[in-house]
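Subject: A structure for you to look at

Hi,

Here is the structure I said I would pass on. Have it open while you read, and turn it around as you go.

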Amino acid sequence: MSQCPLPDGGPGGLAMEFHDKVLKCSECGAEFVFTAGEQMFFADKGFKNEPKRCKACKSKRAETGGGGGGGATRSETKTTCSQCGKETTVPFKPTQGRPVFCRECFQARRSMGAA
Ligand SMILES: [Zn+2]
Ligand SMILES: [Zn+2]
C-alpha cells in the first residue's frame, strides 16, 4: 500500500545547463527559439542580453546595413597606391612591406599577368 518515495534529486550541480527558450521578436513580434547552443555561445562570449530579434529580422537588418547615421560601416583602410601614388582605399588591412595598388593599377597588373 505504501509506495517507496521517489528519489528526489534536488536542484544544484548543473549550473551550466541550458534549455531552449522561446523569445519574442521585438521587431515583428514572432516567437523564435533561443536554443541551448546559442545560449551556451552567448554565455561563452559573455553576452548578457538575450537576442531581441528573430533570425529573419536579424538577417534583414544585416542586409540593409542596420540603418543609423552615415559613414562607412565597412572597414576600408586608406592607403597609397604603390604604383601610381594615388590615394585609394582597400577593404583589408594592408600588410606592411607589401605593395598595395589602386583599382586601376590592380586591374592593369592583372590583365598584364593574364595576357
Ligand atoms: Zn522578427
Ligand atoms: Zn595606382
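First, the housekeeping. This is a predicted model, where local features need pLDDT of at least 70 and side-chain atom pairs count only at pLDDT 80 or more, while totals for chains, interfaces and linings use all residues. Residues are numbered from 1 along each chain as its sequence is written, chains are lettered from A and ligands numbered from 1 in the order in which they are written, and side-chain values use heavy atoms, with hydrogens and water left out.

**Overall layout**

The chain has 3 helices and 4 strands (DSSP runs numbered from the N terminus: H or I of at least four residues for helices, E of at least two for strands). Reading from the N terminus, their order is β-β-α-α-β-β-α. Of the 115 residues, 16% are buried (under 20% relative accessible area with a 1.4 Å probe, protein chains only; exposed is over 50%, and partly exposed is in between).

**The zinc site**

What holds the zinc ion (ligand 1)? The SG atoms of Cys25, Cys28, Cys54 and Cys57 coordinate the zinc ion at 2.3 Å. Donors here are N, O and S atoms within 2.8 Å of the metal (3.2 Å for Na, K and Ca), and sites may look incomplete since water is not among the atoms. Along the chain, the donors follow the spacing C-x2-C-x25-C-x2-C. Cys25 sits in the loop between strand 1 (21–24) and strand 2 (31–34), and Cys54 in the loop between helix 1 (36–45) and helix 2 (55–64), so this pair ties together parts 29 residues apart in sequence. Both Cys25 and Cys54 are buried.

**Strands 1 and 2**

These two strands run antiparallel and are joined by 4 bridges (strands pair if DSSP finds at least two bridges between them). Leu23 stands opposite Phe32, and Val22 stands opposite Val33. The hairpin has 6 residues between its strands, and Gly29 there takes a positive phi near 80°.

**The core and its rings**

Leu23, Cys25, Phe32, Phe34, Phe42, Cys54 and Cys57 make up the largest nonpolar core. That term means a set of buried Ala, Val, Leu, Ile, Met, Phe, Trp, Tyr and Cys residues joined through side-chain atoms within 4.5 Å.

There are 3 aromatic pairs (Phe, Tyr or Trp rings, the six-membered one for Trp, with centres within 6.5 Å; planes under 30 degrees apart are stacked, over 60 edge-to-face, the rest tilted). Phe34 and Phe42 form an edge-to-face pair, with 5.2 Å from centre to centre and 75° between the planes. Ring pairs link Phe34, Phe41, Phe42 and Phe47 into a cluster.

**One more residue**

Is Thr79 buried or exposed? Thr79 lies in strand 3 (residues 77–80) and counts as buried because its relative accessibility is 16%. Leaving out residues up to four places away in sequence, Thr79 touches Lys86, Glu87, Thr88, Val90, Pro94 and Val100 (contact means heavy atoms within 4.5 Å).
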